[in-house]
Amino acid sequence: MPTEKSFTKDSPFPPLEDGKLRLYSMRFCPFAQRTRLVLAHKNIPFETVNINLKSKPNWFLEKNPSGTVPTIEKNGQIVYESAICNDFLDETYTGNALIPSDPYRKARDRILLEQFGKVVGGFYQTLRSQGKDDAVKQTFESNLDLFEKELGKRGAFFGGDSVSILDFLMWPFFERWCLLEIFCNYKPSPDRFPKLHAWIARMFEQPAVKATMFPPNVHEIYIKSYISGEVPDYDYGL
């Protein structure tokens, strides 16, 4: 694509070549990052069309009426919702498999992903309260306890000795823990969560994470633009 800048409601549709995989994304969206991680890990060739989520093109809404990212398209096939996109990619591009072959482990991973929704909610509630609501922080950490315990059973990653699709589905929100320190002067203690902190350090060394991450100051600038009440700066740094 000629530009990474966001497409708006007035932007013409960028033609898509036959056989090419396209990701509709937003650069700072943690859900879209879930799919960018899988694409990077599996070395899948693709192009990106970033969407202005406050001014969505009609042609994008025709492809995905919910207007959410990530959305992927290839040869007229359109898939959206991050976990579904990731499953589709892992099953279509079979190299560097991320989904467990064991049905029970796959089911357990899905259960954990469902439970992780509580962690995501607690993360954003803590940010909104600027870390001043102790009850919110206590609930957030109580929901994290399950994942600390699970890592103790599984090893270095949620996939055991190597990353799995579950690691990548959860990672974007841990990358954004820096925002808790910046805006709340708080982060879950390594004394209570030693395994999660060690996992975070290992994840930062993953090539796919290095390829898709932003440093803390960029996350900070984007979030400040998001909460300003104006249109977020989707194109910051371009």
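**Aromatic pairs and overall fold of a predicted model**

Reader: Of what kind is the aromatic pair of Tyr24 and Trp59?

Author: The ring centres of Tyr24 and Trp59 lie 6.3 Å apart, with 50° between the planes. Tyr24 belongs to strand β1 (residues 22–25) and Trp59 to helix α2 (residues 58–63), so the pair links distant parts of the chain, 35 residues apart; helices (H or I, at least four residues) and strands (E, at least two) are DSSP runs, numbered from the N terminus. Both residues are buried, a term that means under 20% relative accessible area, against over 50% for exposed and in between for partly exposed (1.4 Å probe, protein chains only). The pair of Tyr24 and Trp59 is tilted.

Reader: How many residues apart in sequence are the parts that Phe158 and Trp199 tie together?

Author: Phe158 and Trp199 form an edge-to-face pair, 5.4 Å centre to centre and with 80° between the planes. Phe158 counts as buried at 0% relative accessibility, and Trp199 is buried with a relative accessible area of 0%. Because Phe158 lies in the loop between α5 (134–154) and α6 while Trp199 lies in helix α8 (residues 194–203), the parts tied together are 41 residues apart.

Reader: Which residues of helix α3 are buried?

Author: Helix α3 spans residues 82–92. The cover over its buried residues includes α1 (30–41), β3 (71–74), β4 (77–80), α4 (103–128) and α6 (165–175), where contact means heavy atoms within 4.5 Å. The buried residues are Ser82, Ala83, Cys85, Asn86, Asp87, Leu89 and Asp90.

Reader: What radius of gyration does the protein chain have?

Author: The protein chain has ten helices and four strands, and buried residues make up 49% of its 238 residues. The radius is taken over C-alpha atoms, and the globule rule is 2.2 Å times the number of residues to the power 0.38. For 238 residues a compact globule would come near 18 Å, which agrees with the value for the protein chain, 18 Å.

Notes:
Residues are numbered from 1 along each chain as its sequence is written. This is a predicted model: local features need pLDDT of at least 70, side-chain atom pairs count only at pLDDT 80 or more; totals for chains, interfaces and linings use all residues. Side-chain values use heavy atoms; hydrogens and water are left out. Rings of Phe, Tyr and Trp (its six-membered ring) pair if their centres lie within 6.5 Å; planes under 30 degrees apart count as stacked, over 60 as edge-to-face and the rest as tilted.
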